[in-house]
Amino acid sequence: MFIVSLTQYCRKDVRFLSEALNAAGFGCDETGVLELVGKVESNSFGLWSSSGVPFGRALVPLASYFNHSCDRNCAVEQDTAFGHMRFRATRDIRKGEELTIRYAGAGVPVSRRTELLQEGYYFTCMCALCVAEREQPGRSKHTYDKSTRGEHKPKQLKKKALYTR
């Protein structure tokens, strides 16, 4: 179980939510509230305006079945004007291959991706890309250019790639 050190302000919020859930007949103590918040946070999607500003979170039950891979085979596209979320293939997908999306860390070095995934999702990625970059530090397949969203977009190097698809 993940234990959170709460400030006094957060304790009041957690206590309030626990009391409200109990009053509604759901029987949820403060630990249960923290577990629920953790599940929502880990399984929801950030909502972004067209200018790249985050403005909320969305629970999309079917979308929460996608697992993470830094070398994902699907991408998430949001249409906030119509409230739609689409998933599209980013490469050919073999029959029976798991469909994956990238949770965080687009185009950043493995050390930063590891930090982002630990902070936001509480796991260490062991996808082929991360394993390869950890085994051969400093030989990343990409350099990194800033995008307008504050993340980084990869720029292909002319030298031979670390792995092939």
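This is a predicted model: local features need pLDDT of at least 70, side-chain atom pairs count only at pLDDT 80 or more; totals for chains, interfaces and linings use all residues.

Q: OK, how many helices and strands are in the chain?
A: The chain has four helices and eight strands. Going along the sequence, the pattern reads α-α-β-β-β-β-β-β-α-α-β-β.

Q: And how much of the chain counts as buried?
A: Of its 165 residues, 27% count as buried. The chain exposes about 11600 Å², and carbon and sulfur atoms supply 56% of that area.

Q: What about contacts between residues 24 or more positions apart?
A: Those make up 41% of the contacts in the chain with a separation of 6 or more.

Q: Which residues form the largest nonpolar core?
A: Eight of them: Cys 70, Ala 104, Val 110, Leu 117, Cys 125, Cys 127, Leu 129 and Cys 130. Helices α3 (110-121) and α4 (128-135) each supply at least two residues of this core. There's also a second, separate core of five residues, including Phe 45, Ala 63, Cys 74 and Ile 101.

Q: Let's do α3. What span does α3 reach from its first C-alpha to its last?
A: Its 12 residues reach 15 Å, close to the 16 Å expected at 1.5 Å a residue.

Q: Which residues of α3 are buried?
A: Val 110, Arg 113 and Leu 117. Looking down the axis of α3, its buried residues fall within an arc of 55°, so they line one face of the helix. They pack against β3 and α4.

Q: What happens just after α3?
A: Tyr 122 takes a positive phi there, about 65°.

Q: Switching to aromatics: how many aromatic pairs does a search of the whole structure find?
A: Four. One of them is Phe 66 with Phe 87, which is stacked at 4.4 Å centre to centre, with 10° between the planes. Phe 66 is in the loop between β2 (54-59) and β3 (67-68) and Phe 87 is in strand β5 (residues 84-89), so the pair ties together parts that are 21 residues apart in sequence.

Q: How do Phe 66 and Phe 87 come out on relative accessibility?
A: Phe 66 is buried at 14%, whereas Phe 87 counts as partly exposed at 28%. The cut-off for buried is under 20%.

Q: What about Tyr 103 and Phe 123?
A: Those two form an edge-to-face pair, 6.2 Å centre to centre and 90° between the planes. Tyr 103 is in the loop between β6 (100-101) and α3, Phe 123 is in the loop between α3 and α4, and the two are 20 residues apart. Tyr 103 is partly exposed at 25% relative accessibility, and Phe 123 is partly exposed with a relative accessible area of 25%.

Q: Last one: which residues do ring pairs link into a cluster?
A: Phe 45, Phe 66 and Phe 87.

Key: Residues are numbered from 1 along each chain as its sequence is written. Side-chain values use heavy atoms; hydrogens and water are left out. A nonpolar core is a set of buried Ala, Val, Leu, Ile, Met, Phe, Trp, Tyr and Cys residues joined through side-chain atoms within 4.5 Å. Buried means under 20% relative accessible area, exposed over 50%, partly exposed in between (1.4 Å probe, protein chains only). Rings of Phe, Tyr and Trp (its six-membered ring) pair if their centres lie within 6.5 Å; planes under 30 degrees apart count as stacked, over 60 as edge-to-face and the rest as tilted. Contact means heavy atoms within 4.5 Å. Accessible areas come from the Shrake-Rupley method with a 1.4 Å probe; for residues, only the protein chains shown count as cover. The expected span of a helix is 1.5 Å times one less than its number of residues. The arc is that of the directions from the helix axis to the C-beta atoms.
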